[in-house]
Amino acid sequence: MEILNVVIISLVILFLMQRLLPTKGVRQISVAELKKELQDKNKQFVDVRAPGEYKGNHIRTFKNIPLHELTQKANGLSKEEEVVVICQSGMRSKKASKVLKKLGFQKVTNVKGGMSAWN
């Protein structure tokens, strides 16, 4: 019984670490750093929030591709250029960063804190 408890606790810890730790190979930036990078024409800016959230408030240079559509619409992005991803809090953009890495995008950046930190 004690071994089972250790295994369950280990799995819970592993699950939490995967959810909370940054994705390997994904650059993490703050909104302050993002403000310096918005003028870079060699970067692609993607907002993965739902269309209603995007319409309510967004950063002009960001294109809206909701997270649930990202896999299908990623072919509209260049794998040669860096992709900067934002959402409301940073959780969906973190998931989006993982998706993009799995699809072969080399340069992926996640905006920590998302639009909540921007405002």
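Tutor: The discussion below goes from the whole protein to its sheet and then to single residues.

Tutor: This is a predicted model, in which local features need pLDDT of at least 70 and side-chain atom pairs count only at pLDDT 80 or more, while totals for chains, interfaces and linings use all residues. Residues are numbered from 1 along each chain as its sequence is written, and side-chain values use heavy atoms, with hydrogens and water left out.

Student: How many helices and strands does the protein have, and what makes a stretch count as one?

Tutor: The protein has 6 helices and 5 strands. Helices are DSSP runs of H or I with at least four residues, strands are runs of E with at least two, and both are numbered from the N terminus. Read from that end, the elements follow the pattern α-β-α-β-α-β-α-β-α-β-α.

Student: What are the overall dimensions and the accessible surface of the protein?

Tutor: The C-alpha trace spans about 55 × 30 × 25 Å along its principal axes. The accessible surface is about 7,500 Å², and 60% of it belongs to carbon and sulfur atoms. Such areas come from the Shrake-Rupley method with a 1.4 Å probe, and for residues only the protein chains shown count as cover.

Student: In what order do the strands of the sheet lie, and what makes two strands a pair?

Tutor: The sheet is open, has 5 strands in the order β1-β5-β4-β2-β3, and shows parallel pairing. Two strands pair if DSSP finds at least two bridges between them. Strands β2 (residues 43-47) and β3 are joined by 2 bridges and run parallel, so this count meets the requirement of at least two. For β2 and β4 there are 5 bridges, also in the parallel sense.

Student: Why are β1 and β3 said to stand at the edges?

Tutor: β1 (26-29) and β3 (63-64) each have a single partner strand, so one side of each is left without a neighbour in the sheet.

Student: Which strands does helix α5 touch, and how is its direction related to that of β5?

Tutor: Helix α5 (residues 91-102) packs on the sheet and touches β1, β4 (82-86) and β5 (108-111). Its direction makes about 175° with that of β5. Axes are lines fitted to C-alpha atoms, for helices over the stretch in contact, and angles between N-to-C directions run from 0 to 180 degrees.

Student: Why is D47 called buried?

Tutor: Buried means under 20% relative accessible area, exposed means over 50%, and partly exposed lies in between (1.4 Å probe, protein chains only). D47 has 0% relative accessibility, so D47 counts as buried. D47 is found in β2, where 5 of 5 residues are buried. From this strand K43, F45 and D47 point one way, and Q44 and V46 the other way. In a regular strand the side chains alternate between the two faces of the sheet.

Student: Which residues does D47 touch, and what counts as a contact?

Tutor: Contact means heavy atoms within 4.5 Å. Not counting residues up to four places away in sequence, D47 touches Y54, H58, F62, K63, N64, I65, P66, I86 and C87.

Student: How do S97 and V99 stand against the accessibility cut-offs?

Tutor: S97 lies in helix α5, and its relative accessible area is 1%, so S97 is buried. S97 touches V26, V85, V108 and N110, leaving out residues up to four places away. V99 also lies in helix α5, but its relative accessibility is 24%, so V99 counts as partly exposed. Apart from neighbours within four places in sequence, V99 is in contact with L70 and T71.

Student: Why is L11 called exposed?

Tutor: L11 is exposed because its relative accessible area is 53%. L11 lies in helix α1 (residues 2-20).

Student: Why is E33 called partly exposed?

Tutor: E33, in helix α2 (residues 31-37), has 34% relative accessibility, so E33 counts as partly exposed.
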